[in-house]
Amino acid sequence: MMHALRLHPGDELMGSLKQYCSDNKLAAAYIATCVGSLKAATLRLANADRDRPNEIKTYDQRFEIVSVVGTISCEGAHIHLG
């Protein structure tokens, strides 16, 4: 089954996706694509190494989203944003 979801300006991306999974009882879902924009973002960077195993940065600026892919469920998510 396919689901289409539209968020509105000001909606928080991850919170909205997790809430949608919970509301629709999605145990295992994937995100095929997404486009849009954000006013701010908190990201875990993929450049992990021994000195920075889990580097997290917060940006308070506008971003254009050209791609979102990954897996999500009520239990958690593994999502890549581009």
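Reader: Leaving aside the neighbours within four places in sequence, which residues is E55 in contact with?
Author: Once those neighbours are set aside, E55 touches L43, R44, L45 and N47; contact means heavy atoms within 4.5 Å. The model is a predicted one, in which local features need pLDDT of at least 70 and side-chain atom pairs count only at pLDDT 80 or more, while totals for chains, interfaces and linings use all residues. Residues are numbered from 1 along each chain as its sequence is written, and side-chain values use heavy atoms, with hydrogens and water left out.

Reader: Why is E55 called buried?
Author: The relative accessible area of E55 is 15%. Buried means under 20%, exposed over 50%, and partly exposed in between, for a 1.4 Å probe and protein chains only. Since 15% lies under 20%, E55 counts as buried. In the protein, buried residues make up 17% of the 82 residues.

Reader: Where is E55 found?
Author: E55 belongs to the loop between β3 and β4 (56-59). Helices (H or I, at least four residues) and strands (E, at least two) are DSSP runs, numbered from the N terminus.

Reader: What makes the pairing of K57 with E55 a salt bridge?
Author: The closest N and O atoms of K57 and E55 are 3.9 Å apart. A salt bridge requires a side-chain nitrogen of Lys or Arg within 4 Å of a carboxyl oxygen of Asp or Glu. As 3.9 Å falls within 4 Å, the pair qualifies. Side chains of opposite charge can pair when their charged atoms come close. The structure holds one salt bridge. Its two partners fall into separate accessibility classes: K57 is partly exposed at 35%, whereas E55 is buried at 15%.

Reader: Why are E64, K25 and A32 placed in the exposed class?
Author: Each value is set against the limit of over 50%. E64 has a relative accessible area of 62% and is therefore exposed. K25 is exposed at 70%, and A32 is exposed at 55%. E64 is part of strand β5, K25 of the loop between α1 and β1, and A32 of the loop between β1 and β2.

Reader: How do you know that the buried residues of α1 lie on the same side?
Author: The buried residues of α1 are L13, S16, L17 and C21. They cover an arc of only 135° around the axis, which puts them on the same side of α1; the arc is that of the directions from the helix axis to the C-beta atoms. Their cover includes β1, β2, β5, β6 and β7. The protein has one helix and seven strands, in the order α-β-β-β-β-β-β-β along the sequence.

Reader: What is the volume of the largest pocket, and which residues are the closest to its centre?
Author: The volume of the largest pocket is about 1800 Å³. Of the 50 residues that line the largest pocket, L13, L17, I31, V68 and I79 are the closest to its centre. On a 1 Å grid over the protein atoms alone, a pocket is an open set of points where a 1.4 Å probe fits, with protein on both sides within 12 Å along at least five of seven lines; lining residues have an atom within 4 Å of a point. Points are joined across faces, edges and corners, and the volume is the space filled by probe spheres set on them.

Reader: Which element gives the most to the lining of the largest pocket?
Author: α1 gives the most, with six residues. By class, the lining of the largest pocket has 32 nonpolar, 10 polar and eight charged residues. Ala, Val, Leu, Ile, Met, Phe, Trp, Tyr, Cys and Pro count as nonpolar, Asp, Glu, Lys and Arg as charged, and the others, Gly among them, as polar.
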